[in-house]
Amino acid sequence: MLRPSQRKPRFDDDMKTSRPEEIRLLLSGGDRRSIADSNRVRLIIDSNPSLVIELAALTGDEDWLVAQRALDLLEKLAHEHPDWIAPHKKIFIGPLAASDKWEIRLQIVRALPLFHWSPTQAHRVEEILLENVAFPQTFVRAWALDGLATLAERRVTLMPIVRRHLRDFERSPSKALQARAKQIRARLGTPRNRPTFKA
């Protein structure tokens, strides 16, 4: 039996009564394979978008699992409500981009293509994606190249870099990287091998 102090907080129907410390508790506990009560927090934010600011603040939490889960929720919310997350988008190009935790880097590379960036910020975005294309963790590498390919659709000077990494992925022993390369090529409409013509 859990003591009252160990129980997860319960929220009233009026989500506006939710407090930042209660959201933090919902994102606490478990291990790196757990999402804690992230789904509950998602419902709270959906009902009261003003609490996004509290979620953004938690990306700086001293507990890296809380920070990662907050970042994960921001990335998920950005797909459906980019306008909610855009005021906090600098989080994705800040110190967290250099995290030693692959789970945090994964959320960052997935989120970066979802926003509009100033020229200076866009340069930083490209740096982050290029760095993570070579990151040891497969999922991070795959999504970094996916994000870079998305940017290349808007900035064609990136396309040669994307094509080079696509070839590397296709030669990789990793089935996941091969599959991601195939998906990216299909999206970009670029063939695997361009035909060569003799004069």
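Salt bridges went on the page first. I'm working from a predicted model, and my count came to 16 salt bridges.

I looked up a few of them. In helix H4, Lys76 and Asp72 sit four residues apart, about one turn of the helix, and their side chains meet in a salt bridge at 2.6 Å, N to O.

Next I checked helix H7. Arg124 and Glu127 are three residues apart there, and the closest N and O atoms of their salt bridge are 3.6 Å apart. I have Arg124 down as partly exposed at 27%, and Glu127 likewise as partly exposed at 38%.

I also noted a pair at Asp100 and Lys101, 3.2 Å from N to O. Asp100 is exposed, with 63% relative accessible area.

Then I found a network: salt bridges link Asp146, Glu153, Arg180 and Arg187. That sent me to helices H8 and H10, whose axes come within 10 Å and cross at roughly 10 degrees. The two are therefore roughly parallel to each other. Their contact includes Asp146 and Trp143 of H8, and Arg180 and Arg187 of H10. By class, I get eight nonpolar, two polar and four charged residues in this contact.

Last entry: how many of the 10 residues of helix H6 are buried? Eight are, so H6 is largely enclosed by the rest of the structure. Its buried residues, among them Ile104 and Leu106, pack against helices H4, H7 and H8.

Key:
Residues numbered from 1 in each chain as written. Predicted model: local features only at pLDDT ≥ 70, side-chain atom pairs only at ≥ 80, totals over all residues. Heavy atoms only, no water. Buried < 20%, exposed > 50% of the residue type's maximum accessible area, 1.4 Å probe, protein only. Contact = heavy atoms within 4.5 Å. Axes fitted to C-alpha atoms, helices over the stretch in contact; angles between N-to-C directions. Parallel < 35°, antiparallel > 145°, perpendicular 65-115°, else oblique. Nonpolar A, V, L, I, M, F, W, Y, C, P; charged D, E, K, R; others polar. Salt bridge = Lys/Arg side-chain N within 4 Å of Asp/Glu carboxyl O.
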